[in-house]
Amino acid sequence: MTSIRVLIADDQAMVRQGFTVLLDAEPGIEVAGQAANGLEAVAMAAELNPDVVLMDVRMPELGGIEATRRIAARTGTTVKVLMLTTFDLDDYVYEALRAGASGFLLKDASAAELAQAVRVVAAGDALLAPAVTRRLIAEFTRLSAGPRPPMKERLGDLTERETEVLALVAQGLSNAEIAAGLVVAEQTVKTHVSRILVKLGLRDRTQAAVFAYETGLVRPSGY
Amino acid sequence: MRRKQEAARRGLLAALRADLWSTAADSLPRMRGPRPLARLPHVLVVLYALVLGLFPDGEGIDPTVPLLATAQAATLVAAMFRPLPAFWASLAVVLAGARTGMTYLPQTLTFPWMVEPGARLPRFQHADPVAFPWTGSGIFLHAGVLFLLALRVRPRAAAETLAISVLAAAACVVLLPEQTGGTPVLAVPVYAFAVASGMMTRLLRTTRTRLEAQEELTAEERAHRTLLQERSRIARELHDVVAHHMSVISIQAQVAPHLVRDPPDELRDNLAGIRENAVEALTELRRILGVLRTEDSAKDGQAPQPTLDRLGELLANVRGAGVALTEEIAGEPRPLAPGVELSAFRIVQEALSNAMRHAPGAAVTLRLRYRPDALTIRVVNAAPAKPVTAPGGGHGLPGMRERAAMLGGDLVAGPTPDGGYEVSAFLPAGPSGKGDESAP
């Protein structure tokens, strides 16, 4: 198995170097590059095509959220973004998830948590920190009572089974857990999830979870 | 039952006594209008008293009439200062006059000075003599006392004095019919009118005063709230800076063991301890920031908290808005403590935005001076081309002052002799700033 290639984007050299040391020490993870601001991150993501970008929210020139949006907007990209924040559960983090980030991590996470997060995000078969992420999404979908786009239609494209799987994804279950719950093979769940993502035009299961909450398929009170 | 009545009667008497047997009175509600005219009402009262007191409209039968008129005029003047005692005095004059002060009413109500000297006016003596209190002067003097009283005491007390005056008039009609000729009946509406207009004026003025006080309070409260908001914004920014540093510490503590080959256990434990403490501090900081966070904190955006490194960016923006901006940086620029850098940036930002708001088109000069012990900031703008009343100004200054004060410095702001405006800040800053090369 080839190692997971990571791009680190943070305006503080100390943080970039620190994460590089920590990640390089992990087996199966290598740091492909470092970016000092959002613009550099976007350019380097296109150039290096890393598996995961560790993205700081606050950066000069271009903030992390906007950089994430640009990276995620590139067609056919498989680059996953993992947001780094000093504060959890704030609206930037939610904004970042909506912009296309696959998960978020506190900057003071331990080396083990950091490596684990990179692996989960790269593999894409489970939500990162399911409980926290779900709570965050639930909280912000409840607060932002914005206009609901006509997503019901898009939801209508899903088969009954796929809708069921989407709801479970939104509740933070991994593919393995969903497979166990539905008594099917994990590979089947994987197929369902990728079909869901294709049909809904979503990047990954984090986006799927946000989508499920925003369309009301999953109710915030449902956890 | 009787007892109850007795108690009620006693209570009523006590209330009356409290209302009416007192020298205290509310201060006269403030008059609207220019201050030089503040004494005008007093002058008018004295004139009124003089005219009615010295020229009672009566052809005295009784020599006491001029005396009575003077006495009652005096009570009117006294009513400006001690309305309740003056009322009792005036009432005493009324009652005394009703008994003795017989006079005739002239038919012409012309005032003496309007009569040509020597001209012989046809006088038609009133058929019946009337007692002094029921002549025009008598009625209007007592009414004047009632009016002044109604201005200064509670409406209930004023109503009570009116009732007493009416009772007195009624008593005169009943007990001294031959001396009154029914004229006291005329006095009643005049008294009532005087009391009513006094009460109304009092009500209007107290309402207005209360309203003004309320408005003052609201403005004060608003200023206070703005200050608190500003304070919590500053606190949030400073805590934010600390939190970023703290998270860097937590990362570095984790990285350090990787930097040496086979780190000894003591070093590992020590670094783990540093990390643990940093993470704990961060948890606390997050809690504090959660408290300080407000709706507008989302507007802080995705940019890091600014430092003077980003001053160039700010100045370029200001110039981009068409401001003729000159900058002078004196002394040796050096990195300062993050809090100082942040506050300095915010002060410059706020001062420049004030200059743009209040003096559009005017030239602005920014002077930064790095002194060994401090950083001084001066933002001066020239006079605006035309006077501007900028909407909602003034909120920036308390915030700037607060920022300077938090760092142990100070900030002064004020107009310059040539019509411009100047903001000067002094921020104490030690010789060495942060060791780190970058800002959080």
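**Helix pairs and contacts in chain B**

Tutor: α2(B) and α3(B) are roughly antiparallel to each other, a label for angles over 145 degrees. The model is predicted: local features need pLDDT of at least 70, side-chain atom pairs count only at pLDDT 80 or more, and totals for chains, interfaces and linings use all residues. Residues are numbered from 1 along each chain as its sequence is written, while chains are lettered from A and ligands numbered from 1 in the order in which they are written.

Student: At what angle do α2 and α3 of chain B pack?

Tutor: Axes are lines fitted to C-alpha atoms over the stretch in contact, and angles run from 0 to 180 degrees between N-to-C directions. Helix α2 covers residues 40–54 of chain B, and helix α3 covers residues 64–79. Their axes are 8 Å apart, and the angle is about 170 degrees.

Student: How many residues of the contact of α2(B) with α3(B) are nonpolar?

Tutor: Contact means C-beta atoms, placed from the backbone, within 7 Å. Among the residues in it are V45(B) and L50(B) of α2(B), with A69(B) and L76(B) of α3(B). Nonpolar means Ala, Val, Leu, Ile, Met, Phe, Trp, Tyr, Cys or Pro; charged means Asp, Glu, Lys or Arg; the others, Gly among them, are polar. None is charged, 3 are polar, and the nonpolar count is 9.

Student: How many helices does chain B have?

Tutor: Helices are DSSP runs of H or I with at least four residues, strands are runs of E with at least two, and both are numbered from the N terminus. Chain B has 8 strands, and its helix count is 12.

Student: At what angle do α4 and α5 of chain B cross?

Tutor: Helix α4 spans residues 83–100 of chain B, and helix α5 spans residues 136–152. Their axes come within 9 Å and cross at roughly 160 degrees.

Student: Are α4(B) and α5(B) roughly parallel or roughly antiparallel?

Tutor: Take the angle, roughly 160 degrees. Because of that crossing, the label for α4(B) and α5(B) is roughly antiparallel.

Student: How many charged residues are in the contact of α4(B) with α5(B)?

Tutor: F87(B) and V94(B) are among the α4(B) residues that meet α5(B). H142(B) and L149(B) are among those on the α5(B) side. The contact has 8 nonpolar and 4 polar residues, and the charged count is 1.

Student: How far apart are the end C-alpha atoms of residues 131–151 of chain B?

Tutor: UniProt, in an unreviewed entry, lists "transmembrane region" for spans of chain B including 131–151; such annotations may be inferred rather than shown by experiment. The span is 76% helix and 5% strand. Its end C-alpha atoms are separated by 28 Å.

Student: Which element gives the most to the side of chain B that touches chain A?

Tutor: The contact takes 24 residues from each of chain B and chain A. On the side of chain B, α8 (184–255) and α9 (265–292) each give two or more residues. The element giving the most, with 9 residues, is α8(B).

Student: Is G414(B) buried or exposed?

Tutor: G414(B) sits in strand β7, residues 410–415 of chain B. Buried means 20 or more other C-beta atoms within 10 Å, exposed means 12 or fewer, and partly exposed lies in between. G414(B) has 8 such neighbours, so the class is exposed.

Conventions. Angles under 35 degrees count as roughly parallel, over 145 as roughly antiparallel, 65 to 115 as roughly perpendicular and the rest as oblique. Two residues are in contact if their C-beta atoms, placed from the backbone, lie within 7 Å.
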